[in-house]
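Take a look at the model below. We will walk through a few strands and then turn to the pockets.

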Amino acid sequence: MEKLIITAAICGAEVTKEHNPNVPYTVEEIAREAESAYKAGASIIHLHVREDDGTPTQDKARFKECIDAIRKLCPDVIIQPSTGGAVGMTDLERLQSTEVEEPELGLKAPEMATLDCGTCNFGGDEVFINTDNTIKNFGRIMIERGVKPEIEVFDKGMVDIAIRMHKKGYIKAPMHFDFVLGVQMTATARDLAFMVDSIPAGSTWTVAGVGKNQFPMAAMAIAMGGHVRVGFEDNVYIEKGVIAKSNGEMVEKVVRIAKELGREIATPAEAREILGLKPLNK
């Protein structure tokens with residue numbers, strides 16, 4: 001079985017310090033949380049950025065600040081910016097996070113970024129809109145910039161959309177999927193097995209269980225040979241009723257589960273090999 005890639009989604013765009021006082025907003029806090037996850041065993045940092053007051057932003061300059069700060073503490077980690085943005089943003093505003101260069105590492109753009117393959121209801125009146133044309137635009141621009149998409153899917157229909165976009169040339173193979181379960185689709189063993197069986201042969205996958213689903217989904221993915229995402233974006237508790245002290249504490253829990261199940265943890269270099277990314281030019 002492949003080594004386990006652990007992704008840490010360290011802050012997200014919605015969770016706040018009111019939910020958990022350890023949620024990072026500032027550049028220094030984001031770098032701190034990235035380092036805690038990296039030292040615990042995460043090889044990918046899934047990155048949203050905030051203004052100092054916690055307001056989410058897709059500003060390229062803010063992403064650059066945060067990426068530079070993370071890189072000083074986590075020199076070889078894979079940094080995976082979000083392109084989710086906020087309601088009302090244009091495609092190009094959302095894609096600013098894929099414009100950040102790291103010339104000292106030979107990177108003209110991030111190695112990976114997210115590509116959401118459908119529209120999703122987040123509750124109440126919140127609708128995260130991704131039209132077919134938006135998905136095509138994101139896919140085309142990511143190919144031009146040499147960014148590998150992590151395909152975010154919240155239900156089976158989004159897997160089908162991603163496969164259709166691949167056939168039309170907007171997403172390259174091998175594809176990497178992130179199954180976000182517990183939002184639009186429930187999070188059960190049946191659901192995860194169904195999603196895994198729905199993706200093309202040769203694809204890789206990660207699961208992100210939201211809220212109480214985080215660690216049960218992680219354990220299932222570890223046993224099934226998939227990969228795992230944990231972090232404050234999806235859940236603020238280390239166990240029922242106990243606020244997590246850091247993203248690193250969550251990664252440590254996944255590492256313990258993996259050890260019990262006989263799965264080794266991938267280093268960033270090994271994660272790059274599994275995902276088909278080029279070795280980092282250090």
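**Pockets and strands**

By class, the lining of the second largest pocket comprises 17 nonpolar, six polar and six charged residues. This is a predicted model. The second largest pocket has a volume of about 670 Å³. Its lining counts 29 residues, and Glu111, Gly146, Val147, Lys148 and Lys278 lie nearest its centre. Two elements, α4 (132-145) and β9 (148-153), each supply at least two lining residues. The largest share, four residues, comes from α4.

Now turn to the largest pocket. Its volume is about 850 Å³. It is lined by 31 residues, with Ala13, Glu14, His48, Phe122 and Glu233 nearest its centre. The elements that give two or more residues to this lining are β6 (112-116) and β8 (126-128). Here β8 provides the largest share, three residues. The lining divides into 14 nonpolar, 10 polar and seven charged residues.

Next, find strand β2 (residues 44-47).

Which strands pair with β2? Strand β1 (residues 6-9) pairs with β2 in the parallel sense, over three bridges. Strand β5 (residues 78-81) also runs parallel to β2, joined by four bridges. Follow Ile45: this residue is the bridge partner of Ala8, and Ile45 also stands opposite Ile79 in β5.

Note on methods. Residues numbered from 1 in each chain as written. Predicted model: local features only at pLDDT ≥ 70, side-chain atom pairs only at ≥ 80, totals over all residues. Heavy atoms only, no water. Buried < 20%, exposed > 50% of the residue type's maximum accessible area, 1.4 Å probe, protein only. Pairing = 2+ DSSP bridges. 1 Å grid on protein atoms, 1.4 Å probe; cavity = no way out; pocket = protein on both sides within 12 Å on 5 of 7 lines; lining within 4 Å. Points joined across faces, edges and corners; volume = space filled by probe spheres on them. Nonpolar A, V, L, I, M, F, W, Y, C, P; charged D, E, K, R; others polar.
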